[in-house]
Amino acid sequence: WALGAVMLSARAGLMPPRRRLRRPSLPEPGWELVVVALAVAALGWQLLVAIVLPPFAYDALTYHLTTVATWLQNGNLDPTPLSLCCARYPDNAELMFAWPVLFLGRDALVDTVQIAFAALGALAAAGVARSAGLSARGSAAAGGLFLVTPAVLTQAPTNFADVVVAACALAALHALVRFAATGALQRLVVAGLAAGLLLGMKGTGVVWAAALVLTGIALAWWSRRRGRVSRRAAAGAIAGFLAATLALGTYWYARNWIDTGNPAYPFRVQVAGVRVFDGPFRASEVMTPPAVAADAPWPVQVVRSWAHDLAFWQVGSYDYQQRVGGLGPLWAWLGLPLLIPLAVALARRRDPALVAVACVALVFLLQPYQWWARFTIPLAAAGAIAIVWAAAHAGRPLLRNAVRAAALALAAVGA
């Protein structure tokens, strides 16, 4: 009877209704999670390759690792006699390769170095994407899309230096973007450290270091003009930036200058037709010609190379020194065309992330080998950010879903 009375009272509304317990809502796994899972799986496979296989890349065996082996055998950083072409090139990347060999006494993990730098590049790309206003999940997806770039994945388990260069460039850009956004002067020192590592690497690293130094000085001056920092603080930050860059990047040039009288040895240096430093040959004499359109202007070479990835169903597998294409179908179909609306949107709202996009474009125009994917890897990071931005800000849900579906499909094909 008591139970019946309670039921009747509830039915008649005489008792307060019982609240239904709701399960805590969990975020639904979206397309960003799929991208990150794909990237982790792809990089994990390359890590397995790096651990199981011995060093196999041609330049690694004839140049990068011969330098490391000579250092460890002789107990110094003198130029190696085992490399006929590149013994006096700047060797910051080789220093990175030397650490695991030095600590372990063998080269079992030497191929994993660029795996770590690929992850660093993905984190830096995600940081720039976050500064551009993307969500945490969207920023993670941008980093994941960068990781599945064919030029990144195929180079990651090798002792080439191109992923190292790209990761340091992206890390420096992230620091500069954060400085532009916050005015935190210590960010300039971080960017200077990355620029110093780049200065002490290959020719593209020198171009990157110069562009980063100019960008850092311009941003410090801009912050001073806006009153965000004092003149003394800005001058100190620029000095710290330059000191970090010179400390990490100039050793190899100073050694060459002392030994040969030419900091850029073995290359001749001419300015306005006047020979400043003598060397056995010019840089242009050792440049590798493109596999297609070798005699055409460089814009034509770039178009021919990128067009190779459009017909991805005919590409087959990618190579670690892919000379036609290599940025993948994700760049050719989505990243490149979406960069323009991203740049316009960032410019309209004066977003600090525009610094990164503009710097990537500037270096691309100034550097050699614009047609070769391994030397233009930062383009893939800019394209990845543009894709995720479009997936989040396209005007209609149908367009947003189309971008996401296409990005997933193209990323899977490229990986």
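Buried means under 20% relative accessible area, exposed means over 50%, and partly exposed lies in between (1.4 Å probe, protein chains only). Welcome to this predicted model, in which local features need pLDDT of at least 70, side-chain atom pairs count only at pLDDT 80 or more, and totals for chains, interfaces and linings use all residues. Residues are numbered from 1 along each chain as its sequence is written, and side-chain values use heavy atoms, with hydrogens and water left out.

Let us start with the cysteines. A disulfide is counted here when a pair of cysteine sulfur atoms lies within 2.5 Å, and a search of the whole structure finds one. The partners are C85 and C86, with their sulfur atoms 2.2 Å apart. The torsion about their S-S bond is about -80 degrees, so this disulfide is left-handed. C168, by contrast, is in no disulfide; the nearest cysteine sulfur, in C359, is 14 Å away, too far for a bond.

Here is how accessible these cysteines are:

| Residue | Relative accessibility | Class |
|---|---|---|
| C85 | 43% | partly exposed |
| C86 | 6% | buried |
| C168 | 3% | buried |
| C359 | 3% | buried |

Now for two helices, which are DSSP runs of H or I with at least four residues, numbered from the N terminus. L123 sits in helix α5 (residues 113–131) and is exposed at 63% relative accessible area. The C-alpha atoms of L123 and A167 are separated by 9.1 Å, with the two residues 44 apart along the chain.

S223 belongs to helix α10 (residues 203–225) and is buried, with a relative accessible area of 0%. Leaving aside neighbours within four places in sequence, S223 is in contact (heavy atoms within 4.5 Å) with F179, R228 and V229.
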